[in-house]
Amino acid sequence: MATNLSRDDELRGILSDITRHRFPSRRQLNPQSNLFLTAKYAVEEGYVTHATLDESESQSLATLDLTEATLTAAGVDMLAELNQLDQ
C-alpha cells in the first residue's frame with residue numbers, strides 16, 4: 001500500500017532521483033498525486049529545468065517526463081538544505 005510522504009520528503013526524493021538520472025521514461029499518473037504535484041511545485045519554484053508536465057483537462061491522467069530534467073543552482077541548494085534537515 002502506498003503512503004503519502006511530506007512535501008519535503010517527496011521533493012528530496014524527486015531532486016535526488018533527477019540528480020541520479022532515475023527517470024528513464026515518462027510516466028502517466030494521477031494529476032492529483034503527491035508525485036505529480038511535487039514535481040510541478042519543483043518546476044514552478046525553479047528547482048528543475050527541462051521537465052515536461054502535461055495535465056490536459058481532457059485526460060484523467062497527467063504526463064510527467066523527467067528524462068531530460070536537471071537541477072538548477074536553486075535545486076542543488078534546496079536538495080542540500082533538505083538533506084541537512086534529514087540529518
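1. A nonpolar core is a set of buried Ala, Val, Leu, Ile, Met, Phe, Trp, Tyr and Cys residues joined through side-chain atoms within 4.5 Å; buried means under 20% relative accessible area, exposed over 50%, and partly exposed in between, with a 1.4 Å probe and protein chains only. In the largest such core, which has 20 residues, those touching the most other members are L11, L15, I18, Y47, V48, L64 and L66. At least two residues of this core come from each of helix 1, helix 2, strand 4 and helix 3. Helices (H or I, at least four residues) and strands (E, at least two) are DSSP runs numbered from the N terminus.

2. The model is predicted: local features need pLDDT of at least 70, side-chain atom pairs count only at pLDDT 80 or more, and totals for chains, interfaces and linings use all residues. Residues are numbered from 1 along each chain as its sequence is written, and side-chain values use heavy atoms, with hydrogens and water left out.

3. Leaving aside residues up to four places away in sequence, L66 touches I14, I18, F23 and A51. Contact here means heavy atoms within 4.5 Å.

4. The axes of helix 1 and helix 2 lie 9 Å apart, and the two helices pack at an angle of about 75 degrees. Axes are lines fitted to C-alpha atoms, for helices over the stretch in contact, and angles run from 0 to 180 degrees between N-to-C directions. Helix 1 and helix 2 are therefore roughly perpendicular to each other (65 to 115 degrees; under 35 is roughly parallel, over 145 roughly antiparallel, and the rest oblique). On the helix 1 side, R7, E10, L11 and I14 meet N34, L35, T38, A39, Y41 and A42 of helix 2.

5. Helix 1 (residues 7-19) and helix 3 (residues 73-86) have axes that come within 10 Å and cross at roughly 125 degrees. That makes helix 1 oblique to helix 3. Helix 1 contributes D8, L11, R12, L15, S16 and T19 to the contact, and helix 3 contributes G75, M78, L79, L82, N83 and D86.

6. In helix 2 (residues 34-44), the buried residues are L35, F36, T38, A39 and A42. These buried residues pack against helix 1, strand 1 (27-29), strand 2 (48-49), strand 3 (52-54) and strand 4 (62-65). After helix 2 comes G46, with a positive phi near 85 degrees.

7. S56 is found in the loop between strand 3 and strand 4. With a relative accessible area of 26%, S56 is partly exposed.
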